[in-house]
Amino acid sequence: MFRAFHRVVSPSLRQAQLLSARTEPRMSWGYMLQLRSAASATFRLLEDSLEVSHGGTPMRFNYVWLRDHCRSASSYNSSTHQRSLDTGSIELTVRPESSAVEDDQLVLTWPDGHVSKYSLSWLAKNSYEGRKKATEQPRVLWNANIYQNASISSIKWDTFMSCDNELKKFLQNYLLYGIAFVDDVPTTVEATEEVTQRVSLIRETTYGRMWSFTSDFSRGDTAYSQLALDRHTDTTYFQEPCGIQVFHCLRHEGTGGRTLLVDGFYAAEKLRQRSPEKFELLCRVPIRHEYIENTDNHRNHMMGVGPVLNVYSWNNELYMIRYNNYDRSVINTIPHDTVQRWYIAHRELTTELRRPENELWVKLSPGKVIFIDNWRVLHGRESFTGLRQLCGCYLTRDDVLSAARCFGLQA
Ligand SMILES: C[N+](C)(C)CCCC[C@H](N)C(=O)O
Ligand SMILES: O=C(O)CCC(=O)C(=O)O
Ligand SMILES: [Fe+2]
């Protein structure tokens with residue numbers, strides 16, 4: 001917080017300070033407010049924005065933005081956390097008529113007399129310059145060793161269902177690693193449904209709400225066979241791929257059938273380090289995925305378009321990988337010279353994803369429910385023999401993240 005004295009620099013002094021300003025943008029009007037305190041900050045009113053220097057990089061706040069983000073009672077309803085102000089009514093050339101510092105707040109008075117107040121901590125937290133350097137979601141990227149050495153304590157059904165602290169612990173694991181387990185779950189579809197509803201809402205898809213399947217070819221997809229499945233993310237053919245995949249193996253009388261898990265972000269970050277331009281290409285080139293099903297009971301034609309790697313534009317942080325070589329459709333969204341470069345980049349990512357040291361193999365035994373971040377962690381399976389029954393569902397990502405945030409976790 002900044003409880004401070006301030007000093008309004010007189011217009012004659014302003015010129016001098018202007019000249020001494022190093023590489024800062026031209027300040028053609030306004031004046032400087034100086035705050036001296038433990039957290040000292042300097043405010044400068046520039047042509048089109050307010051500049052706040054506080055510690056490191058100066059932060060710039062556009063004037064329309066400042067008016068738009070006014071938290072006064074007439075501009076913002078703090079009980080619904082919604083904006084009341086009509087942004088369309090703000091003059092796009094608006095500038096504060098005067099400014100002052102009172103207590104912990106920067107006070108701007110607009111030409112129509114409206115007064116807006118902003119605390120330094122609020123400005124710092126909401127600046128672009130701050131977000132650019134910050135991480136949206138802290139994660140521990142892993143290969144098999146890293147994950148195993150983390151020795152994450154197991155979460156048990158009983159306490160998970162009754163104790164909020166266990167749920168919080170589970171969500172923390174899930175956010176950090178992109179996978180989390182609940183053990184000792186009764187081996188029924190109903191109990192699996194209950195355990196997932198503790199976390200989020202179920203996302204109903206063409207496969208149903210809760211699904212339970214065996215290798216009976218009941219659907220037109222390789223998942224419904226005994227064949228091995230290479231690492232992939234699911235529902236790449238949705239415009240928004242499902243956020244979370246839940247698996248519970250209710251029974252398996254036979255051999256094989258282990259589950260393969262690979263942290264897609266670990267592999268992608270390796271690619272970013274080794275070949276930034278290949279990483280960048282995979283972020284930029286849109287690829288189509290498709291699911292075409294034409295069986296007696298099911299007719300579907302799904303299509304989703306998006307790059308293999310997705311990063312936030314402001315901080316380049318990865319937030320989604322779409323990787324499914326089975327469901328990837330015809331590439332016709334890029335010119336031929338880019339196609340070759342895309343295959344090279346895709347090959348290097350594939351090589352990373354296939355390194356044996358990155359593979360975490362687990363045998364899902366009845367009672368063990370796994371939650372997989374389908375935007376980050378790839379899954380696959382070993383071929384198997386015998387009767388194997390797997391149930392599970394997809395969850396909505398928004399609701400999982402919301403649950404985590406309500407516990408105060410960063411998500
Ligand atoms: C999970 N469940 C068996 C219901 C569906 C499997 C979907 C398989 C599809 N190829 C994909 O990867 O999205
Ligand atoms: O059978 C398995 O273990 C998983 C199959 C699969 O990839 C899926 O259902 O999405
Ligand atoms: Fe899958």
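A polar contact is a pair of N or O atoms within 3.5 Å; within protein, one atom must be able to donate a hydrogen and the other to accept it, and residues adjacent in sequence count only if both atoms are side-chain atoms. The model is predicted, so local features need pLDDT of at least 70 and side-chain atom pairs count only at pLDDT 80 or more, whereas totals for chains, interfaces and linings use all residues. Residues are numbered from 1 along each chain as its sequence is written, chains are lettered from A and ligands numbered from 1 in the order in which they are written, and side-chain values use heavy atoms, with hydrogens and water left out.

**Overview. The chain has 12 helices and 25 strands.** Helices (H or I, at least four residues) and strands (E, at least two) are DSSP runs, numbered from the N terminus. Along the principal axes, the C-alpha atoms fill a box of roughly 85 × 55 × 45 Å. Of the 411 residues, 49% count as buried; buried means under 20% relative accessible area, exposed over 50%, and partly exposed in between (1.4 Å probe, protein chains only).

**View 1. Surroundings of ligand 2.** Ligand 2 is surrounded by F213, A223, L229, H232, D234, Q245, F247, H379, R381, R388 and L390, where a residue is near a molecule or strand if one of its heavy atoms lies within 4 Å of it. An N or O atom in the side chain of R381 is 2.7 Å from an oxygen atom of the ligand. On its own, ligand 2 has 290 Å² of accessible area, of which the protein covers 95%. Accessible areas come from the Shrake-Rupley method with a 1.4 Å probe; for residues, only the protein chains shown count as cover.

**View 2. Surroundings of ligand 1.** The residues around ligand 1 are Y207, W211, F213, D221, Y224, H232, D234, T235, Y237, N324, D327 and Y394. A polar side-chain atom of Y237 lies 2.6 Å from an oxygen atom of ligand 1. T235 contributes a backbone N or O atom, 2.8 Å from a ligand oxygen. For N324, an N or O atom of the side chain is 3.1 Å from an oxygen atom of the ligand. The protein covers 95% of the 370 Å² of accessible area that ligand 1 has on its own.

**View 3. An aromatic cluster and the pair F213–Y224.** One aromatic cluster is formed by Y207, W211, F213, Y224, Y237, F238, F247, Y291 and Y394. Rings of Phe, Tyr and Trp (its six-membered ring) pair if their centres lie within 6.5 Å; planes under 30 degrees apart count as stacked, over 60 as edge-to-face and the rest as tilted. By this rule the count comes to 19 aromatic pairs. The rings of F213 and Y224 are 4.9 Å apart at their centres with planes at 50 degrees, so this pair is tilted. F213 lies in strand β14 (residues 210-213) and Y224 in the loop between β14 and β15 (229-232), so the pair ties together parts that are 11 residues apart in sequence. F213 is buried at 11% relative accessible area, and Y224 is buried at 8%.

**View 4. The pair Y312–Y319.** Y312 and Y319 form a stacked aromatic pair, 4.6 Å centre to centre and with 15 degrees between the planes. Y312 is partly exposed, with a relative accessible area of 24%, and Y319 is partly exposed at 21%.

**View 5. N315 and its polar contacts.** N315 lies in the loop between β20 (309-311) and β21 (318-321). N315 counts as buried, at 16% relative accessibility. A polar atom of the N315 side chain lies 3.0 Å from the backbone oxygen of A134. The N315 side chain also makes a polar contact with the side chain of E317 (3.0 Å).

View 6. In α8 (residues 189-197), A191, T192, V195 and T196 are buried. These four cover an arc of only 135 degrees around the axis, which puts them on the same side of α8; the arc is that of the directions from the helix axis to the C-beta atoms. In α9 (residues 264-274), the buried residues include G264, F265, Y266, A267, A268 and L271. At the start of α9, a side-chain oxygen of D263 reaches to within 3.0 Å of the backbone nitrogen of F265.
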